[in-house]
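Please look over the sequence and the three-dimensional structure shown here, and then read the briefing that follows, which takes up a few topics in turn.

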Amino acid sequence: MSIKIAGVGKRFGDFIALEDIDLDIATGELTALLGPSGGGKSTLLRIIAGLEVADSGSVEIEGVDATGLPAQKRNVGFVFQHYAAFRHLTVAGNVGFGLKIRKRPRKEIASRVKELLELVHLSQFADRLPAQLSGGQRQRMALARALAIEPTVLLLDEPFGALDANVRKELRAWLRRLHDEVHVTTVFVTHDQEEALDVADRIVVINQGRIEQVGPPDELYDHPTSEFVMSFLGPVTTLDGNLVRPHDLEIETHPFGDAFPGRIERFNRVGFEVRLHVRLIQDDVAPPVLVTLTRAEATAKALEIGLPVWIAPVAGASQVRITTPVALAVDDLDVSSPASVPEPTFT
Amino acid sequence: MWFSLLVLIPLTAVLVQAAAGGWSAYWDALTSQQTLAALRLTVGQAVLVTAVNVIMGTAIAWVLVRDQFRGKQLLEVVIDIPFALPTIVAGLVLLSLYGPSSPLGVNWANTRVAVFLAFLFVTLPFIVRTVQPVLLELEHEVEEAAASLGASRLTTFRLVILPSLAPAITSGAALSFCRAISEYGSLVLLSGNLPYSTEVASVRIMSSVEGDKLTEAAAVASILLVVALIVIVVLDLISRRVARYG
Amino acid sequence: MGDTAAHRVTRWALRLIVIGYLLFLVIWPVALVAAKTFANGLAPVINALRQPEVIFAFQLTLSAAFWAVVINTIFGVGISLLLVRYTFPGRRALNAMVDLPLSVSPVVVGLALVLVYNGRTGWLGPSLEEAGLQVIYAPPAIIMATAFVSLPLVIREVVPVLQEIGTEQEQAARSLGASGLQTFARITLPAIKWGLLYGVVLSLARSLGEFGAVKIVSGGVAMRTQTATLLVEERYQQFGIVNSITAYTAAFILALIAVVALIIVTSLRPGKGASE
């Protein structure tokens, strides 16, 4: 095991940031700490790095008890959301900083810096100042800087949070490829579920200081163990007291099986996707059910506003029983999950 | 436009007057033994004081920004007192602790130490106030990054914090130096203005004016003006360079 | 990052050094002056303040400072606007020159003014005097000298504020039909009021305390052209307890005004405290 976290707790005054966290991260894995803002994931990351001290519990890195070690001695690479570039040093100076303070010979530093700059595609910027780089370039520099010291563990705190949407997607894929090449144990924090689903080997969902669920992306998406995890990882809607995915609902213009009858109240076409709000006959008070399907399907079934329809979850659809008193509202804009709205992948 | 009336015309008058007696008179006025002694004393003490201010000013700014204790806000006011206090009052103030009838038992009135103290007093705020905002704005994460890369606190200070402060310290030092060589009021009572031993350049100018030797006064004044001009240019260059860092 | 013993020791050491330094350089000396002023009780102080020369000196100082501040406010805001809102050749030079009065010795300022305005050999002096306006050795010179040395203080406070607020609000006002003057009075002025106030208070404190420049240009004649600061100098150098108390009293009053101005200014700028 690369990182073993046992019983870690942390509070800031009256605010409990983390409570009784137990987590094992395997060597070479790319793990995402996913959750809403203020949930505790950054705090946990910083405790692993040694930038914060836990109130209770222990942190073990590659078999060594790191709980009492300061950040300097842990040999972890840390990448910050806002790059934390050394403004007065060139790109090469930044990348070589860790090696320089370890008093490595200059030749060695130069060749390692060169190697890393090639790895992150910043070779031609070696002598520039960080201020002359774009956000994405600065973050790549920060990554190279963290990797230069050959860290045991690489930690990234919302690394793409300060970047444009396009750059974010690019760098996300790039991080994945980098990890496949370099194989260092990597943990990154994000509040963007799409990012976590796209990049990570395993996802740890953290909410209000506790771990909700741990597992590979598919497992979390298809077999969520709680309402929170389900609604955070993807769109949800409520049907028959369960949370269900809108794309997992079958809709017909005639009754079938145990389908619920209803009427199409809204018909929204967003690119290739069609989003329907169906008002169930039996329930006038609850918000309408969201059903999504492809344009082709909607055309094939000749769906339109006002049409009476029948809906039911498809066989094998993941569903979670609702136990929280307030039903999740279905907005006009399909913000049925509290997490970020998945961006349309078309223009 | 209006500014030039107020500023430029009188100042060029100084330069013109300095030149009025011709080059040889100018040179004579400057190289008279008494003037040279005054200039040496002024610049020498100003350099010393600036050096002290670089260290203490940075230290004070550090404590003001990074430390927390009761009464710290009071210190903020204390630091600006030398800036707001009339210089003649500053002289009186320093005399009370370092002159005759000092509770400390020292009497440095009429000595070089008095000049040093007066300069130190009036230049106190300058480096502190240029460094403070930069220190406030330093990203905490940059220091954490250095720590995660293995740097100790001292190394972080040396390699990361200090270089970021260097431009602010330099511009503060320039201001401090300029202020020191310009100082007059506090020295009138404190240093005794003894020629060759505690007479500074500005006092020299004053006595020349009182003796109606305006050309002489203008000559010495021109030196001070040139130095001030150099300092302003240096400041401008520094601020342009810092802008590169973004 | 953890707080080790080494951290704590350095922190305390720094704190002590800094406080000690400030104590011996500023706090104790200033306190001593206050003590000396009242060493013989309140009565001598009141008597000192009753002297006609003292009253005149303070009146002169206050009125000179007042006019200087008025001049500086008007010109200061004007120049600030010029520097920030317009581009013209020589703007860089003007910007650099704004700091000039602060870096120049007050004695040089006095000398410069004398050279230009003195009634005998000055450039403008004789013609002005013929027109009936005596500058040197009269209040106008005092006002000029005072205004000169404190002008940058207003500009340096107003310029950053002008830069920060940007032109958007002013453009919005223009687009809604406001004239230049209306825009200035209703939009610009309220936006810069705190920076302006700060600069004005600093300028006032500086004006009240000016010594060197005033000494040269005013001649320091009691009851005519002697300001409070000149009074302090004169009385200190004379013998006698009354003179000594007078000197300290005047100094104390000036110091008090300076400190009060500072406190006002510090509370106007709460953001200068520590981080963390």
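Two residues are said to be in contact if their C-beta atoms, placed from the backbone, lie within 7 Å. With that cut-off, and leaving aside its neighbours within four places in sequence, Met230(A) is in contact with Pro224(A), Val236(A), Leu243(A) and Val320(A). The model is predicted, and for that reason local features need pLDDT of at least 70 and side-chain atom pairs count only at pLDDT 80 or more, while totals for chains, interfaces and linings use all residues. Residues are numbered from 1 along each chain as its sequence is written, and chains are lettered from A and ligands numbered from 1 in the order in which they are written.

- Met230(A) belongs to helix H9 of chain A, residues 227-233, where helices (H or I, at least four residues) and strands (E, at least two) are DSSP runs numbered from the N terminus.
- Met230(A) is buried because 27 other C-beta atoms lie within 10 Å; a residue is buried with 20 or more other C-beta atoms within 10 Å of its own, exposed with 12 or fewer, and partly exposed in between, the C-beta atoms being placed from the backbone.
- Between Met230(A) and Arg176(A) there are 54 residues of separation in sequence and 24 Å in space, taken from C-alpha to C-alpha.

**Strand E7 of chain A**

- Strand E7 of chain A (residues 153-157) is mostly covered, since five of its five residues are buried.
- Val153(A), Leu155(A) and Asp157(A) point one way from E7(A), whereas Leu154(A) and Leu156(A) point the other way, and all are buried.
- E7(A) pairs in the parallel sense with strand E6 of chain A (residues 76-79) over four bridges, where two strands pair if DSSP finds at least two bridges between them.
- E7(A) also pairs in the parallel sense with strand E8 of chain A (residues 185-190), over five bridges, and Val153(A) stands opposite Thr185(A) in E8(A).
- From E7(A) the chain crosses through helix H6 of chain A (residues 165-182) to E8(A) in a right-handed β-α-β crossover, meaning that, with the strands pointing away from the viewer, the path from the first strand over the helix to the second runs clockwise.

- Chain B has eleven helices and zero strands, and 53% of its 246 residues count as buried.
- Among contacts in chain B between residues at least 6 apart in sequence, 79% join residues at least 24 apart.
- Chain B places 65 residues in contact with 60 residues of chain C.
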